[in-house]
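Please consult the sequence and the structure shown below while reading.

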Amino acid sequence: MNLVSSRLLSAAAGALLTLPAFFVQVQAGSEEQVERAPLALVTGSTRGLGAEVARRLGAKGYHVIVHGRSVERGQAVVASIKEAGGSGEFRRADFLSLNEVRELAFGILDDFQRLDLLVNNAGIGSDENGRLVSADGLEPVFQVNYLAHFLLTELLVPMMLDAAPARIVNVSSGAQTAIDFDDLMLEHWEPDGRQIGRPYAQSKLAQILHTYDIAERLEGAGIAVNALHPATFMDTYMVRQAGIEPRATVDEGADRVMQLIVEDVGSGHYFVDGEPARAHEQAYDEAARLRLRELSLELIGHGG
Ligand SMILES: NC(=O)c1ccc[n+]([C@@H]2O[C@H](COP(=O)([O-])OP(=O)(O)OC[C@H]3O[C@@H](n4cnc5c(N)ncnc54)[C@H](OP(=O)(O)O)[C@@H]3O)[C@@H](O)[C@H]2O)c1
């Protein structure tokens, strides 16, 4: 068994040491109190859906790690959280580089003792006509939307076990297409000009396979893992950049994400319109889930 998997599984079995809680300083009147704030990481929260979810978590008392590539937009989101009385900080990592994903995870592991909530939200709709290139030589949409989050989750789950009950929310999409395991990097796929292309739909289904897989592996460990389709064509950069007329608001999508954070929704589900729903057929194929996990471990350099 590879290192990451064995660490995750041994942690799931309760073998990790219990670490001291994370504390932040908060002002209450003239007296300074020390209280533990739950810690949340929202990937891709410099704008769009992630930014709104980060602001709502700030208002709920989380210390929010805002993530993305744009320092300027990230700091603006942190400022808005603080202006509303909340607590947050920005961390930059480009998910087109798996090393930057590792650095993000290791920084969080170094600086905090426990993580209560991980919202895997960062995403791109396309490779912008080849403009986006993976530093790891992988298909860029698959890497940003799925594989970077697979790696991040594997690295952070052990510290989430210390925060149990904790939650992982994977922001997927209703746009899903079967993963072709013989052409995972889509080297033999010809772009067909569709607004929502195969790379995006494959990456979004991969997130759901991972959700089901990890929820099963973490059963009984106190970490709820769910995925969702937040809303159809929210008014965000991704949608506008694809030339699609927005049909939903970011608030509508954020309501759906927050539901999976605050309500008792169980674990191992894919939600649409606030209800558990059936994903693409391939998500229920155990062999496909296992194959994806094995290929993903190989791609992140932890193949057995
Ligand atoms: N919009 C919709 O209607 C819709 C529908 C279904 C599902 N979704 C899903 O919802 C999630 C959020 O989408 P959105 O519509 O809010 O998109 P968005 O406004 O374009 O925001 C995308 C976020 O991802 C970050 N990001 C993009 N590339 C990155 C990279 N290489 N490394 C690190 N971060 C990166 C961006 O930050 P930087 O630019 O700072 O890097 C930004 O914060 C996505 O997973 C998307 O697939 C959206």
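## Basis and terms

A residue is buried if 20 or more other C-beta atoms lie within 10 Å of its own, exposed if 12 or fewer, and partly exposed in between, with C-beta atoms placed from the backbone. Helices (H or I, at least four residues) and strands (E, at least two) are DSSP runs, numbered from the N terminus.

The model is predicted: local features need pLDDT of at least 70, side-chain atom pairs count only at pLDDT 80 or more, and totals for chains, interfaces and linings use all residues. Residue numbers start from 1 along each chain as its sequence is written.

## Strand β4

Strand β4 covers residues 63-68, and six of its six residues are buried. His-63, Ile-65 and His-67 point one way from β4, whereas Val-64, Val-66 and Gly-68 point the other way.

## Pairing and crossovers

Two strands pair if DSSP finds at least two bridges between them. Strand β3 (residues 39-42) pairs with β4 in the parallel sense over four bridges, and Leu-39 stands opposite His-63. Six bridges, also parallel, join β4 to strand β5 (residues 87-92); in β5, Glu-89 is the bridge partner of Ile-65.

From β4 the chain crosses through helix α3 (residues 71-83) to β5 in a right-handed β-α-β crossover. Right-handed means that, with the strands pointing away from the viewer, the path from the first strand over the helix to the second runs clockwise. A right-handed β-α-β unit is also made by β3, α2 and β4.

## Ligand shell

Around the ligand there are 31 residues, of which Gly-44, Gly-48, Gly-68, Arg-69 and Gly-123 come nearest; a residue is near a molecule or strand if its C-beta atom, placed from the backbone, lies within 6 Å of it. Helices α2 (48-59) and α7 (237-241) each supply at least two residues of this shell.
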